[in-house]
Amino acid sequence: MYYTNKNLVDLVRVFDQNERKEFLRLDLNENPGGLPQQFVDAVLSKVTNQLVAQYPETLRFTEVLAEYIGTDKEHICLVNGSAEGIRYIIQAFTSEEGKIVGVTPSYFMFQVYAEMYGRSFVKIPYNEDLTMDVDNIIAQLLEDTQLLVLLNPNNPMGNTYTEDEFEEIMKVCRQKEITVLIDEAYHYFYPKTFMKYALSERRVLITRTFSKMFSMAGCRLGYVVGHPDDIKLVQKLCTPHNTNAFALLFAEQMIENPIILASLIDNFNKGRDYLIQRLDENGYRHKGDAGNFIFIEPKTSANEIVKRMKLEKKILIKSYDNVGEFGDCLRVSIGEEKYMKQFVDALLEIDKQIRFEEAE
């Protein structure tokens, strides 16, 4: 007989179907400048008819990646973007109606997957000043908690955890046998990592992606790191050939050409410094200690600024409602300096224009 999964009926999903090519895209935490064209052309020259015709082979790249992060291939599972790894971890290490604890707001797919598979997602809100109190997390780690989700750093707030704070959390998770998922999608924007836990303990898994600092969002490649016995369970959920040959080729060339990544990091840091300087000079409060994004408290309507940025300036950004003491605010992806100048100039103009209209 016909059957419909009841968990999907009321599941809220937002799919990005917008044409964004003509815009400066500062809305999805991508690198607006992308990879150097010379590097892209060099990698594409390595594409052969066999590469296109054959299923992707992952062994070589997994070994290259393992050496790069200081482990072996048994600790790694390649996935089609880190979101796929997050999905598999929730499937593998939680049960129906099982409790998942995570801070909010955060990457929305944690809650989406929880609802999709009939799990209970326990939300830990930020403080009014947009900080996260570790004691608030620990207070929600109960005997029936199955999974704790932490982001290092967190999207969209950009907060991080000290080594002492994380060890305090881990002590409780070990005691109560709670699996820990640490999403490090924004590693390299904030180099502090908790990788050593995933490499040395059971039930600690880290997800990473090549979409952010590596600037390969269009390729869809990520990976999960954990104890080999835990990785085996994640791998069993993977579809055959779940990564693509082009992504593996680009990622391997990125790893083997560290000067490219170093240049991306340098461009990002210069852009971030410029943006923060301009915001401070013009009296805008902002939040975002780590990651390639920043929250900005506008002087007028955040939603109106987003709308006019798109229509008048061809710039895409996002607005968030009721974000602590900031109220309604903007979230902007950070890129190299020329893009940050384009954004700040537009922000100052539009904010001033709206204030003038409101005063009439």
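In this predicted model, V149 has L181 of β6 as its bridge partner. The two strands concerned, β5 (residues 145-151) and β6 (residues 179-183), run parallel to each other and are joined by five bridges.

Both strands belong to an open sheet of seven strands with mixed pairing, ordered β2-β8-β7-β6-β5-β3-β4. At the edges lie β2 (76-79) and β4 (120-125), each with a pairing on one side only. From one strand to the next, the twist averages 20°. Sheet strands pair through backbone hydrogen bonds, in either the parallel or the antiparallel sense.

Strand β10 pairs with β9 (residues 286-287) and with β13 (residues 327-333), as tabulated below.

| Strand pair | Sense | Bridges |
|---|---|---|
| β9 and β10 | antiparallel | two bridges |
| β10 and β13 | antiparallel | four bridges |

Two bridge partners place the residues of β10 in these pairings. F295 in β10 is the partner of K287, and I296 has L330 in β13 as its partner. The hairpin of β9 and β10 has five residues between the strands, and G288 in this hairpin takes a positive phi near 150°.

Note on methods. Residues numbered from 1 in each chain as written. Predicted model: local features only at pLDDT ≥ 70, side-chain atom pairs only at ≥ 80, totals over all residues. Heavy atoms only, no water. Pairing = 2+ DSSP bridges. Axes fitted to C-alpha atoms, helices over the stretch in contact; angles between N-to-C directions.
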